[in-house]
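Here is a friendly briefing to read beside the structure. Take a look at the picture, then follow the topics one by one.

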Amino acid sequence: MEAAGANAVSSVRSALSMILNPAQALRGAMERVPWPFCLSVSGLAFTLFFLQTGLDMKAAGTASAGKVAGFTFLGLALGTAGVALVAALAWACSRPLGGGRPLSWTVRAFCLAYTPTLIFCLVGMFVNLVSGWYTAVAFGVTGALWALYPMISIVKEMTGEKILASLLITTVCGGLVLSGWALLGI
Amino acid sequence: MYASRGERITRGLVILACLAVLAWLNGRYVGRGGGQVAAFSLIGLALALACLAGLAALLMATSPPLRQAGYASAWDAVSRGYLLLVPFALLALLADLAFGWSAATAFMQAAVMTSGAAVGAELMRAGEPKLRYMIAPMAGAFLFSIIWIAYAAIFTSAAGPKAVG
């Protein structure tokens, strides 16, 4: 029981470290952060991001309640399966560059990279519901962009600090996720 | 710790190019016509470079090890962190030109703030892993971000209302 509690605290600490000091989180025991926790971070982040997109469109009169619900599920899919696929792509790209991290580590780290997105989307959701402002771009896109910082730290770790390759892989991965939102959500 | 002259020049040019792209994308929403967009971009680029130089000076003022190592060392930390502008500039181009989003300001703000955090991480990597190393780079990046918003607002009001349609 105590061990489970300590593991939960350690998982939350790893996720929060991703916001400002991802290198510290990556040096820690990433393998011990449970799968469901990692997937729930990115899954919830994109669920809220897409929900805000739907709410913005509903407020503008371009989406029905059913469409909003549909967007929300698409967000969940992008935040879990989509992020895992992008992580697998980054892992595959880093292999020829000397990347020694396992795929499971990469997927966990990529999912946790969306901790800043989750925080931005939680705040955006609150602002959206309280004030009725359009928040998908201001909070959702900004949050998704903040994930690039932990993402580049992860990729640098995977490529043995090869900066040019890390910048390119991060750009492609970030671009895929943003394009996913653009194609599915708009 | 010290970068070679070649590395320094390459990093400087990459950062310059990224800032130019972000300033131009911001300028497209602020200026009226090519002249104003060019003026916004050039002044914005000079302002952004001044902010980065100021950030390096702030780091030097607040960190005794950097003060001992000299301005070049502080600039190295700033330029390594601000290489993170590359994905932001490329994605801002994608978002603006391919998807037609008017989110250049969001890209600029996020780029400046996350790069500030990356500078902090560089300092922590070079020295002790203490979160206090984050304070000056994040404060500097926040100031840079505020200066950029103020600049865009002042330029917009000076340029007058944009023609609709």
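Leaving aside neighbours within four places in sequence, which residues is Ser42(A) in contact with? They are Gly79(A), Val83(A), Cys111(A) and Tyr114(A), where contact means heavy atoms within 4.5 Å.

This is a predicted model, in which local features need pLDDT of at least 70 and side-chain atom pairs count only at pLDDT 80 or more, while totals for chains, interfaces and linings use all residues. Residues are numbered from 1 along each chain as its sequence is written, chains are lettered from A and ligands numbered from 1 in the order in which they are written, and side-chain values use heavy atoms, with hydrogens and water left out.

- Ser42(A) is part of helix H3 of chain A; helices are DSSP runs of H or I with at least four residues, numbered from the N terminus.
- With a relative accessible area of 0%, Ser42(A) is buried. Buried means under 20% relative accessible area, exposed means over 50%, and partly exposed is in between, using a 1.4 Å probe and protein chains only.
- Along the sequence, Ser42(A) and Pro116(A) are 74 residues apart, yet their C-alpha atoms are 9.7 Å apart in space.

**The cavity**

- The count comes to 1 cavity of 30 Å³ or more. On a 1 Å grid over the protein atoms alone, a cavity is a set of points where a 1.4 Å probe fits but cannot get out, and lining residues have an atom within 4 Å of a point.
- The volume of the largest cavity is about 50 Å³; grid points are joined across faces, edges and corners, and a volume is the space filled by probe spheres set on the points.
- Tyr114(A), a contact of Ser42(A), is one of the lining residues. The lining also includes Leu91(B) from chain B.
- Helices H7 (136-146), H8 (148-158) and H9 (163-185) of chain A each supply at least two lining residues. The largest share, 3 residues, comes from H9(A).
- By class, the lining has 9 nonpolar, 1 polar and no charged residues. Here Ala, Val, Leu, Ile, Met, Phe, Trp, Tyr, Cys and Pro count as nonpolar, Asp, Glu, Lys and Arg as charged, and the others, Gly among them, as polar.

**The nonpolar core**

- The largest nonpolar core has 108 residues, and among those touching the most other members are Phe46(A), Phe110(A) and Trp101(B). Such a core is a set of buried Ala, Val, Leu, Ile, Met, Phe, Trp, Tyr and Cys residues joined through side-chain atoms within 4.5 Å.
- Helix H6 (residues 104-126) of chain B gives the most to this core, with 14 residues.

**Aromatic pairs**

- Over all chains, the structure holds 13 aromatic pairs. Rings of Phe, Tyr and Trp (its six-membered ring) pair if their centres lie within 6.5 Å; planes under 30 degrees apart count as stacked, over 60 as edge-to-face and the rest as tilted.
- Phe46(A) and Phe49(A) form a tilted pair, because their ring centres are 6.1 Å apart and their planes are at 45°.
- Both sit in helix H3 (residues 35-59) of chain A, and because they are 3 residues apart there, about one helical turn separates Phe46(A) from Phe49(A).
- Phe46(A) is buried at 1% relative accessibility, and Phe49(A) is buried with a relative accessible area of 1%.
- Ring pairs link Phe46(A) and Phe49(A) into a cluster that also includes Tyr114(A) and Trp101(B).

**A lysine and a glutamate**

- Lys156(A) lies in helix H8 of chain A and counts as buried, at 16% relative accessibility.
- Not counting residues up to four places away in sequence, Lys156(A) touches Glu161(A), Ile163(A), Ser166(A) and Glu122(B).
- Glu161(A) is in the loop between H8 and H9 of chain A, and at 43% relative accessibility Glu161(A) counts as partly exposed.
- The phi angle of Glu161(A) is near 65°, a positive value in a residue other than glycine.

**A partly exposed tyrosine**

- Tyr71(B) belongs to helix H4 (residues 71-81) of chain B and is partly exposed, with a relative accessible area of 36%.
- Leaving aside neighbours within four places in sequence, Tyr71(B) is in contact with Ala53(B), Ala56(B), Ala57(B) and Met60(B).

Note on methods. On a 1 Å grid over the protein atoms alone, a cavity is a set of points where a 1.4 Å probe fits but cannot get out, and a pocket is an open set with protein on both sides within 12 Å along at least five of seven lines; lining residues have an atom within 4 Å of a point.
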